[in-house]
Amino acid sequence: MQEKNRYAGIDAFRIPAAILVVAIHTSPFAVFSDSADFFLTRVLARIAVPFFFMITGQFVLSDYLTETWEPFVKIGKYLKKMLVFYGISILLYLPIGIYAGHYKNLTIPLLFKMIVFDGTFYHLWYFPACMVGILLLCLLKRFFTIRGMYAAAGLLYAAGLFGDSYYGLAEKIPAAASIYEAGFSIWSYTRNGLFMAPVFFLCGVYAGRCKSCIGSKKVRKKRFCACLCFAVSFLLMTAEAFTLRYFDMQRHDSMYALLIPVVIFFYQMLLLGPCRKEKDSWMERTVSLVIYIIHPAIIVALRLAAKVSGFSAPAENSLVQFALTAVLSYAAAYVIAVILRRIRQSRERKKQEMLKSRTWVEIDSDALGNNVKFIRNILPENCKLMPAVKANAYGHGDVKIASCLRRMGVDAFCVACVNEGVRLRRAGIGGEILVLGYTHPVQFDLLRRYCLSQTVVDSAYAKQLQLYGKKLHVHIGIDTGMHRLGERWENTEEILQIFRIKNLIVDGIYTHLSADEEKGEANRQFTMSQAAHFSMVLDELKEHGIRQPKVHMQASYGVFNYPALCGDYARVGIALYGVLSTGEDTAEWREALKPVLSLKTRVASVREIYAGETAGYGFSFTAKRTMKIAALSIGYADGFPRMLSNGKGAVLIRGSIAPVVGMVCMDQTLVDVTEIADVCTGDVAVVIGISQEKEISVCDLAQRLGTITNEILSRIGERAERVTINGFRCRN
Ligand SMILES: *Cc1c(COP(=O)(O)O)cnc(C)c1O
């Protein structure tokens, strides 16, 4: 799928930002004048690090800090990555540090100061600052709302300012001076993870929350505004910096009051910059990171080379030193990134091949994207998708499907039971997750721990939820004729009573349609009466002054056959996976919906059997002539129904049909390949999907077995690996 890269501007500035950091460490303009150097490295280049903090804020922290539903997993992964980069960098600079005598009088407190705040080498403060800042914000989240966090981070930054550019003022007040002095025994500067990083992380969070106007008519005007605001604030910040310098206020020169607006407007400018076609930003990310890590080593190497060769320009002329460092760092980083990408790709390929070694499900993420887009187009703007990812996402692999859907902007899911919700959360899936089924009270703690919403299945169940006592998010189920779960719609008093239970936070109310296939007038009338009863319940709520929670009733068929019955959510399951329950219904939407799943397996063994011989368990199959049969690595335990035994089912091998021979076993199935040339061990057999010109659809299977596609799909076993093909490439 061709998606515009909304973040092209951000990606384009990554490498220049890294080069600015190189400038800070080489002072290129020092050859001209101190002021020119000050402007470049202590004013302009100060944008670079906050820019990187903002990216982390927007793409890593934003969801976790602003949503109750977001698990910590993504941040945990990011922290681990930072730790690895920091570790590698420490090892890289250890010899230089030892040579330069940095660690001569090392004590434990000093080591702590170095590792946690200052960085073990002069430029490495960035990694610990990231980690400390992130952990601090996650801690703050426990006590503050997002506004409180903004305020706290702002105060910390202000405190940091007076230990940095404005230290001259703090110094004049003895009490403040002694506090800062005490602080400086724990960290050498206030530009660290405690004082500086949090505010810029939150700037990134803020940028991520702003609605994108790309593609709208307003974008030119907004872009112009952002440029103007940036120019003005940057001018003012330059004045601020030079004034502070003039009055000799600065203890250090990393933090300015106006750096915050400057960076925000600058980032906005980049966000509103012209779009490119989608492109993976992996190279930019990696090259800028590697430049950042290695450039001091290149500076050291250049000095060394100058000493040895006697050619002193690189050491003495800072402009030459900068140019050489920048070019060499870039070149080295580029080469390293290319090598890393090769390694990554070949590893990725190998991993994919590994998954396809026995029986596997292929998930076409482009097809999923297509279906999501199509269904969203049918739904009115204010009705959001709440995909049903129960039963392992109808056999497709719940974590895979849910994370694909998250990237497509889905922020609510429904599952059948608590354990399914827990599994998704543990894999890092955010957004609201509604449990549609019954949850035993012993599992109520899990609902809380994993931020899952529970369905109130009837009023007796509401009492159990009440007895639990602790706060729980719930959606109230209403029975309007399915007679499965939900409180009966007529029981108004009972329904109102549920709203009065103190510990229940009622986020939604819903019903389920039981006859929404298009099957004639009786079905239509029944469905309309279900809808009418449901809306009578909603009217009752209004009459009693109860704020209406989110409302939903449609599943897949409801969306297609009764578009007018939409609410705040549509709980779409089967249609998202590109089929409907029967072949007939599916055919109607063939142009619009694309099947997401294929099921494939490997030929384990090929052999001849002779007339009169039987094959498989029992004597259900006897060969009438010499024939060639293949054993496939799939059985009923993998979800290939035993009902397909003895020619009822077939698979595709090399584009030809191979009917099932004998009884389907638990782990293997025999098929007739007499008519197919060259079948050999390791060949792919398609159970559901396309092989050359032929196709076996899940609808064919369902029809043959007298069931619906939902059953076939959801019974595909755990043992089959799930592999994603095509790439709906988006950012995490
Ligand atoms: C399974 C389920 C859905 C999804 O149904 P599809 O027909 O697959 O779209 C919606 N709501 C409830 C209550 C369900 O159990």
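A salt bridge here is a side-chain nitrogen of Lys or Arg within 4 Å of a carboxyl oxygen of Asp or Glu. Keep that in mind, please.

Quick ground rules. This is a predicted model, where local features need pLDDT of at least 70, side-chain atom pairs count only at pLDDT 80 or more, and totals for chains, interfaces and linings use all residues. Residues are numbered from 1 along each chain as its sequence is written, and side-chain values use heavy atoms, with hydrogens and water left out.

Now the charges. Side chains of opposite charge can pair when their charged atoms come close. The structure holds 21 salt bridges.

Start with E67 and R209. They form a salt bridge, with the closest N and O atoms 3.4 Å apart. The pair links distant parts of the chain, 142 residues apart. E67 lies in the loop between α3 (48-66) and α4, while R209 is in helix α10 (residues 197-209). A word on those labels: helices (H or I, at least four residues) and strands (E, at least two) are DSSP runs, numbered from the N terminus. E67 is partly exposed at 29% relative accessibility. R209 is partly exposed too, at 39%. For the terms, buried means under 20% relative accessible area, exposed over 50%, and partly exposed in between, with a 1.4 Å probe and protein chains only.

Which residues share a network with this pair? D63, E67, K74 and R209 are linked by salt bridges.

Next, E70 and R406. Their side chains meet in a salt bridge at 2.8 Å, N to O. Again the pair links distant parts of the chain: E70 in the loop between α3 and α4, R406 in helix α18 (residues 398-407), 336 residues apart. E70 is buried at 9%. R406 is partly exposed at 22%.

Third, R719 and D638. This salt bridge is 3.0 Å, N to O. R719 sits in the loop between α27 (709-714) and β20 (721-725). D638 sits in the loop between β14 (627-632) and β15 (650-653), 81 residues apart from R719. R719 is partly exposed at 39%, but D638 is buried at 0%.

Last stop, helix α5, residues 108-118. Which of its residues are buried? K113, M114, F117 and D118 are. They cover an arc of only 120° around the axis, so they are on the same side of α5. That arc is taken from the directions from the helix axis to the C-beta atoms. What covers these buried residues includes α4 (73-99) and α6 (126-143). Just after α5, G119 takes a positive phi of about 85°.

Notes:
Contact = heavy atoms within 4.5 Å.
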